[in-house]
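Please look through the model below with an eye to its charged side chains and its helices. The paragraphs that follow take these topics in turn.

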Amino acid sequence: MTSLFYKNPRLARNILFLLFALPGLSFASWISRTPAVRDLLHISTAEMGIIIFMAAAGALIGLLAAGSVVARIGARPVIMGSSLMIVIGFVTSGIGTALTNLPIFIGGLIIFGCGYGSAEVALNVEGSAVEKALNRTLLPAFHGFFSVGALVGAAIGAGAVAIHLPIVAHFSIIALLMAAAVCYCYRYLPEDTGKEHVDTSTLKSSAFKQQLTVWKEKRTLFIGIIVLGMAFAEGSANDWLPLVMVDGYGVNSLAASFIYGLFVAAMTLGRFTGGWILDRYGRVWVLSGCAIAAFLGLTLVIWGQHYFVASVGVVLWGLGASLGFPVGLSAAGDEPQGAAVRVGAVATTGYIAALAGPPALGFLGEHFGLLRALIAVLIGIVISGSLTRSARPLQIQNTSLHDERG
């Protein structure tokens, strides 16, 4: 395997910590400015939902295409290419706001989404290789650094709002920082990680058939539903929370950015403490606790009546949504035979829910208000919480300690 040829896997690990943080930085920077974007472009909540859907569509294209591209040329060039797409898309979107030109803004957002989606795939392939090279579980920490990047992005966004920094200047600064970081990190990544030296068209066809087959397994189906509900909860906050606070509680854009930062901070805390909590209490209890926390948090946000109460709910919402996706992926990989296909299928479900689900809230928000639209997310959490026992570890010989946690 490619991972065996890492000359310095610890350096690659540290580089990946930074590279995982960069998409989080850019994504949170965009979300922190959504109230200002809506006002500058003079669009409605439903139209904002369409815009977010366009970004999600771009991300889904990137997600679905990246696997075969990585198999052909390896993860490293895909990481570089997708990062440059994020940079180009970000700058283009900023120019669109400066010109108050909606088509330019949407075009930039689609490019940004494609880069974001393909980066997610390539970075996870590279992260998995580093895990094998070091014989340590690192993906939760890598995703934790995504949250760190998002926290920094939310803080920068709040600062940009506070000093009335134009969106085009804000986005351009983030894009330049990201471009410089990726160009620096690129040389430290190994070549050919994830590259397949076989007929990739045959692999693609076979993988597609296998992905359809695994959904006939009751356990995999239920784990997919758990991840779907939790990813929907995470993605809804990432796409809509600032606007929810502005429209639902009448706070200004600066306060909304800070409250979004609370969500990201709670997500970050949950992911970095998740390993210890899982070792102590096991998957089922952790997933049940996450579902309860997310349910209580969303309840406070929807019916809290005051932004302070809603802010407490935002923290619970973030803690509850933090571990559903990584724990679900871990559960999907319990059975070594076919683990990659199961993990890939469940991961696709999670990404689709996180990227494509939240835009639908825009249409619900237009008719019922964004606060009431969050009831759909609440329902998803209840369904996920009712299925947590499906994530119990399988009793398989020679599994690792990570797989045997209960």
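Across the whole of this predicted model, a search finds 2 salt bridges. Side chains of opposite charge can pair when their charged atoms come close. One of the salt bridges is formed by Arg38 and Asp247, whose closest N and O atoms are 2.8 Å apart. This pair links distant parts of the chain, with Arg38 lying in helix α2 (residues 34–41) and Asp247 in helix α9 (residues 218–249), 209 residues apart. Because buried means under 20% relative accessible area, Arg38 counts as buried at 11% relative accessibility, whereas Asp247, at 39%, counts as partly exposed.

Helix α9 also carries Glu234, which forms a salt bridge with Arg271, the closest N and O atoms being 3.2 Å apart. Here too the pair links distant parts of the chain, since Arg271 belongs to helix α10 (residues 253–281) and the two partners are 37 residues apart. Arg271 is buried, with a relative accessible area of 7%, and Glu234 likewise counts as buried, at 11% relative accessibility.

Which residues of α11 are buried? They are Arg283, Val284, Val286, Leu287, Cys290, Ala291, Ala293, Ala294, Gly297, Leu298, Val301 and Ile302. An α-helix has 3.6 residues a turn, so residues three or four places apart point the same way. After α11 comes Gln305, whose phi is positive, near 70 degrees.

Methods:
Residues numbered from 1 in each chain as written. Predicted model: local features only at pLDDT ≥ 70, side-chain atom pairs only at ≥ 80, totals over all residues. Heavy atoms only, no water. Salt bridge = Lys/Arg side-chain N within 4 Å of Asp/Glu carboxyl O. Helix = DSSP H or I, 4+ residues; strand = E, 2+ residues; numbered from the N terminus. Buried < 20%, exposed > 50% of the residue type's maximum accessible area, 1.4 Å probe, protein only.
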